[in-house]
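Please open the structure in your viewer and keep the selection tool at hand. The tour below goes from stop to stop, telling you what to select and what you will find there.

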Amino acid sequence: MSAEWEVVGKQKKARKQTGDKKNEQPQNASARGGPKIEDTAAMDEICALYADVKDDLLAKFNGFKDTNGKADPKQKENGAGKRSATPVGGQQQQQQQQGNGKTKPKESEKSAKPPTASAKPHFKDLDAALRAINTTDLHSQLTAVNVNFKDNHLMMLKALTGALNDKLRVNEPDPLYSGKAITYPYKSMPQDLRKVIDDCIARADEENVKYFYDLSLSNLASDMNKNLPYLGHKLILQAIASHYPSACVNNLARNAILRNSYQNRPNIGLSLLWALGQGGYSDLDVGLKVWQDIMVPVIDMKNYNRFVCEYVTRIFKIHQSHKLGLGGSEFLTILSSLTTQPKASRELDEAARMLVERYVFSSPKASATFAMLFKNISFITRPDMIYYGLILCLYEDPESAAVWQGLYRKSLPTSLAILDYLYTSTQEYCKKLFYEEHFHRFLSEVDKINEELSQAKKKPEGLKSIIAAVKIIRVAPFLIIILRDRDYDAQAKSKKKQSSGKANSKSSSSVTSVLCSLLLTTFLLFGITGALVGYDTYRAGGKFEASLTGQTLKQAGLLPAVQDAWTCSMKYSARGYKWAEANVPVYYQATSKALGPYVEFSIDFSKVLWNGAKKGFASAKVLAAQKMSQAAVYVDQYAPGVPKKIGDASCALCDTVCTFATNAYKHTYEFFKTKVFVGQLSAESLGKVFNSTQQAAAQYYSWFNDQVDFYAKLK
């Protein structure tokens with residue numbers, strides 16, 4: 001303690017002396033622990049290692065210019081002032097004393113000089129800032145750093161990031177660059193600048209680059225939190241992710257902690273997600289791991305939901321032909337995250353479908369994937385996508401049907417759910433499976449198994465439902481054709497309706513109604529006229545000239561023209577009838593041949609519906625009988641004798657209704673037999689009328705054929 005008080009006393013005495021202050025300042029500086037003259041070189045090297053990247057880079061660049069003799073003395077003074085711009089401890093007091101002791105003209109000269117280093121230009125957008133970077137100067141700075149630090153590639157990456165941060169001073173309104181390409185801004189920068197960045201990354205080792213990636217990610221969040229320039233970090237992170245996508249998943253646990261620290265700051269959190277997601281654009285497996293471990297925990301947050309949902313869909317669309325390297329547990333975990341979100345999302349549903357397709361088509365053996373998915377259906381709360389994966393396995397590998405056949409007896413409810421999904425799904429591969437031959441062979445084997453199970457003493461639960469489902473699946477291809485044609489017609493009609501406007505539709509409907517009414521009136525007029533002329537001719541003994549109509553036309557001189565028109569019309573009508581008689585059967589056979597499958601399908605489908613209705617009625621009847629007996633026992637406990645009275649009353653009512661119906665039928669039959677069908681309406685008279693009508697129809701048909709032959713031969 002005495003030694004310390006002695007040092008303080010000496011310092012106070014030294015301050016009270018009025019000697020030359022220039023000689024006292026070095027002593028005070030050395031007493032406070034300042035560097036000695038002989039240690040200056042070592043201190044410069046230590047400061048260069050631990051100082052801020054920006055100040056270190058500028059100091060090295062100024063020293064490099066001094067060695068080449070390109071900088072003037074004024075710039076050297078500014079550089080020296082820059083290095084001492086952030087003094088610490090005794091150095092700060094020393095500068096203040098030097099400023100008070102030295103002449104004021106130097107201060108006025110310094111103040112008169114423009115602040116070239118402190119005032120940095122701000123650009124309108126990031127593209128302008130990237131174009132303004134001088135690639136030659138940047139390369140020179142990196143060369144100086146490489147020389148001073150003896151091929152230390154981490155220091156080169158650090159210097160490059162610091163230089164980009166210093167030059168890219170842009171206000172960034174959108175940290176995700178919405179509306180830009182997914183490779184923006186790395187692929188959009190000038191090619192010379194990108195070459196410098198690529199060379200710097202390529203020289204470094206992969207392990208060093210991955211380490212620097214995690215360090216830059218932390219520095220990005222820290223600089224954004226301190227309102228410091230940070231765009232250089234994002235640019236380098238994107239460049240590293242494009243060269244080494246696995247760097248994004250090198251330390252997911254640490255990155256998850258970093259995301260938790262800044263997830264309440266949307267601009268920082270979105271920038272972190274953007275940087276970590278860049279690897280997914282080059283490698284689908286990396287993107288899915290980042291999405292599951294980093295993005296899913298914040299998917300429910302309002303500021304992150306849209307980006308997280310769009311990201312997973314985007315990486316699947318980019319890698320449509322990529323083969324997944326995920327294991328079964330990883331696949332099920334990601335699928336569960338896609339299908340169990342509280343809010344339904346079209347992007348997530350589409351991503352789940354593409355995930356299942358990529359996983360099944362990437363597996364070396366689809367039958368093994370079928371067995372894995374079949375056993376893990378209960379793992380997913382919404383198993384529709386698992387069913388879809390099973391159907392893809394059936395379509396891809398015929399051996400999957402054999403695997404299903406082996407599991408069928410012990411899993412009837414699961415098999416029923418798969419068949420129901422296959423029948424109701426609108427996916428393309430589900431429809432294609434209906435036309436696969438190996439799938440119909442599987443259905444035949446399933447029918448045999450169902451027959452064996454139905455003959456057993458203890459029938460499994462749900463056997464009837466699965467038998468009906470198999471029958472419906474068998475006729476599904478024909479139903480798909482009918483529905484497809486119906487949808488096509490509906491779409492064609494909707495397109496026609498959409499193409500015409502409301503005004504055109506109103507006018508067309510009015511014109512159509514007028515035309516229909518006009519045609520109907522015309523047909524009625526011709527029909528009435530023909531009937532009157534025919535009746536008039538019949539009264540005249542069958543001769544048109546002797547009828548009133550014929551005499552009127554003869555007096556007017558129009559009878560020959562009318563007779564010619566009648567003959568011409570009859571001639572062409574007869575020829576048309578002959579053509580129809582020869583060609584209609586041919587067209588009928590072709591039509592029946594084309595529509596035969598549809599008719600057969602409608603018949604089979606109606607039979608299936610009828611059988612289903614009968615089974616449903618039978619099951620309802622059995623259920624009602626069971627429940628009625630239980631209800632009767634329950635009611636009899638509280639009201640003894642009431643169920644029996646109700647049963648007796650129901651039986652008596654049924655007997656009464658049956659007796660009434662039988663008596664009514666007998667009385668009605670006797671009434672029509674004795675009162676109605678007698679005399680002219682007797683059975684004998686009706687038979688004679690039927691025979692005479694049949695003979696008249698045959699005579700008329702013979703006469704009609706003679707007339708047709710006669711008029712058809714006219715020229």
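Begin by selecting N227, which sits in the loop between α12 (206-225) and α13 (231-243) of this predicted model. The backbone here has a positive phi of about 60 degrees, although N227 is not a glycine. Is N227 buried or exposed? With a relative accessible area of 71%, N227 is exposed.

Next, select Y177, which belongs to the loop between α10 and α11. Y177 also has a positive phi, of about 55 degrees, without being a glycine.

Which kind of peptide bond joins Y184 and P185? The bond is cis, with omega at about 5 degrees. To put that in context, most peptide bonds are trans.

Now go back to helix α12 and select S218, which is part of that helix. S218 counts as buried because its relative accessibility is 18%, and the cut-off for buried is under 20%. If you show what surrounds S218, leaving aside neighbours within four places in sequence, you will find that S218 is in contact with R254 and L258.

From there, select helix α15, residues 266-276, and look at how much of the helix is covered. How many of its eleven residues are buried? Nine of them are, so that the helix is mostly covered; among the buried residues are I268, L270, L273 and W274. Show the neighbouring helices as well, and you will see the buried residues of α15 packing against α12, α13, α14 (252-262), α16 (284-295) and α17 (302-318).

The following stop is about aromatic rings, of which a search of the whole structure finds 13 pairs. One of them is formed by F370 and F374, whose rings are stacked, with 5.9 Å from centre to centre and 25 degrees between the planes. Both residues lie in helix α20 (residues 366-375), where they are four residues apart, about one turn of the helix. An α-helix has 3.6 residues a turn, so residues three or four places apart point the same way. F370 and F374 are both buried.

Move on to Y421 in helix α23 (residues 412-424). Y421 counts as buried, because its relative accessibility is 12%. Which residues touch Y421 once its neighbours within four places in sequence are left aside? They are D384, M385, Y387, Y388, I391, Q427 and C430. Take D384 as an example of how the chain brings separated positions together: Y421 and D384 are 37 residues apart in sequence, while their C-alpha atoms are 7.5 Å apart in space.

For a view of the surface, select L520, L524, I528 and L532, which form a nonpolar patch with about 430 Å² of accessible area together. L532 is found in helix α28 (residues 502-539), and L532 counts as exposed because its relative accessibility is 58%.

Finally, zoom out to the whole chain, which has 32 helices and zero strands. Of its 715 residues, 30% count as buried, and the accessible surface comes to about 46,300 Å², of which 57% belongs to carbon and sulfur atoms. Among contacts with a separation of 6 or more, 75% are accounted for by residues 24 or more positions apart.

Before you close the viewer, colour the chain by pLDDT, the predictor's confidence in each residue. The chain averages a pLDDT of 75, and 75% of the residues score at least 70. Residues 6-54 stay under 50, and for them the model has 24 contacts beyond four places in sequence. Residues 64-119 are also below 50, and this stretch has 24 contacts beyond near neighbours in sequence.

Technical notes: Residues numbered from 1 in each chain as written. Predicted model: local features only at pLDDT ≥ 70, side-chain atom pairs only at ≥ 80, totals over all residues. Heavy atoms only, no water. pLDDT = per-residue confidence, 0-100. Contact = heavy atoms within 4.5 Å. Helix = DSSP H or I, 4+ residues; strand = E, 2+ residues; numbered from the N terminus. Buried < 20%, exposed > 50% of the residue type's maximum accessible area, 1.4 Å probe, protein only. Patch = residues over 30% accessible without salt bridge, like charges linked within 9 Å, V, L, I, M, F, W, Y side chains within 5 Å. Areas by Shrake-Rupley, 256 points an atom, 1.4 Å probe, with all protein chains shown as cover. Salt bridge = Lys/Arg side-chain N within 4 Å of Asp/Glu carboxyl O. Phe/Tyr/Trp six-rings, centres within 6.5 Å; stacked < 30°, edge-to-face > 60°.
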